[in-house]
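Colleague: Could you walk me through this one? I would like to start with how you count things and then go through the details.

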Amino acid sequence: MTNYLIPFYIQNAGIDTPVLRYLWDDTDIFSKFQYNPESLLEKVESVSLRGKAVLAIGIYEWIIWRYNKVSDDPMPFQILEAAWWSSVNNKYSHYIELPSADYLGPARRPLFAAAHWMVPIIYPFPEISNDWLFPRHIALLSQLAMHVLPETKLFEHWLDIVANRLAKFHPAPEDDPFEDLFNDHEEERRGPLVAREALDPSFDYHPDQAPELLDNFLSNVWPISSSHITTANPFLRSPEELKESGIEHPYRVLPPESPEWWK
């Protein structure tokens, strides 16, 4: 594991009870969902793709903390790590294959479902429009959270605040995909960076803080070690791979003092 900590506003919500009281069927999970995400999707319709990705990460954090006392599987946190780095640049993540047969039952299957819905947000498929994909997976993640959380009032309150904040601070930039037919400016089209603090209702967040906040958060989570990056999380690329792909300062958001700090 890394130094990654689930946000205190989630830890303090008391949702990680080991008692599972919801109905669950591995072969038919959708019929049990009752939450209607339409109003949520309306609020975030105008949000940038990067903002939508960060909202999905935030919902995912609630889901995996719900199973804190019944699961010690590192995979959900590895997906979370890859998600935060991919919110900075999609090149950080390897394509992710998850063994569905290893995730069965009322605790492990929801964790698999949440991770499975995060994968296309972390590693988008070129043949699928993100404008369609991201809202769909935000809807699925929010429905799953509403189904498995033992108490949903705090989650719903958080979701409302964050959706409004992202709509205010991170609107989608004007985009004409025909001007970028070869995806040379994919990162710019996703919109400006969105910091983790955008998800914290108690934090006085401003978008211009995002690069510094992300750099501080991510550099404290990931130790300065190439071996850690390549072995502890199989979903992340090594600094050497990232340099070859054109990322000048791997595993930093802001330029470090030493350009080869990871060695």
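Modeller: Let me begin with a term: helices (H or I, at least four residues) and strands (E, at least two) are DSSP runs, numbered from the N terminus, and the expected span of a helix is 1.5 Å times one less than its number of residues. This is a predicted model, in which local features need pLDDT of at least 70 and side-chain atom pairs count only at pLDDT 80 or more, while totals for chains, interfaces and linings use all residues. Residues are numbered from 1 along each chain as its sequence is written, and side-chain values use heavy atoms, with hydrogens and water left out.

Colleague: OK, and what does α3 reach from its first C-alpha to its last?

Modeller: Helix α3 has 18 residues and reaches 26 Å between those two atoms, close to the 26 Å expected at 1.5 Å a residue. It is also mostly covered, since 18 of its 18 residues are buried, where buried means under 20% relative accessible area, exposed over 50%, and partly exposed in between (1.4 Å probe, protein chains only).

Colleague: How many helices and strands does the chain have?

Modeller: The chain has eleven helices and zero strands, and 52% of its 263 residues count as buried. Among contacts between residues at least 6 apart in sequence, 74% join residues at least 24 apart, with contact meaning heavy atoms within 4.5 Å.

Colleague: Now packing: at what angle do α4 and α9 pack?

Modeller: Helix α4 (residues 75–88) and helix α9 (residues 210–221) pack at an angle of about 150°, with their axes 12 Å apart. The axes are lines fitted to C-alpha atoms, for helices over the stretch in contact, and the angles run from 0 to 180 degrees between N-to-C directions.

Colleague: Which residues make that contact?

Modeller: From α4 they are W84, W85 and V88, and from α9 they are L214, F217 and L218. By class, the contact has six nonpolar, no polar and no charged residues; here Ala, Val, Leu, Ile, Met, Phe, Trp, Tyr, Cys and Pro count as nonpolar, Asp, Glu, Lys and Arg as charged, and the others, Gly among them, as polar.

Colleague: Staying in α4, is S87 buried or exposed?

Modeller: S87, which has its place in helix α4, is buried, with a relative accessible area of 2%. Leaving aside neighbours within four places in sequence, S87 is in contact with R50, V54, I57, R190 and L193.

Colleague: Switching topic, how many salt bridges does the count come to?

Modeller: The count comes to five, a salt bridge being a side-chain nitrogen of Lys or Arg within 4 Å of a carboxyl oxygen of Asp or Glu. One of them joins D160 and K43, whose closest N and O atoms are 2.0 Å apart. That pair links distant parts of the chain, with D160 in helix α7 (residues 153–169) and K43 in helix α2 (residues 38–44), 117 residues apart.

Colleague: And what is the N to O value for E61 and R196?

Modeller: The side chains of E61 and R196 meet in a salt bridge at 3.7 Å, N to O. E61 is in helix α3 (residues 49–66) and R196 is in the loop between α8 (186–189) and α9, so the two are in distant parts of the chain, 135 residues apart. E61 counts as buried because its relative accessibility is 0%, and R196 is buried too, with a relative accessible area of 16%.

Colleague: What about the phi of Y251?

Modeller: Phi of Y251 is near 60°, a positive value in a residue other than glycine. Most residues other than glycine have a negative phi. Y251 has its place in the segment after α11, and it counts as buried because its relative accessibility is 1%.

Colleague: Last one: which residues is I121 in contact with?

Modeller: Setting aside neighbours within four places in sequence, I121 is in contact with A53, A56, N90, F134 and H137. I121 lies in helix α5 (residues 108–122) and counts as buried at 4% relative accessibility.
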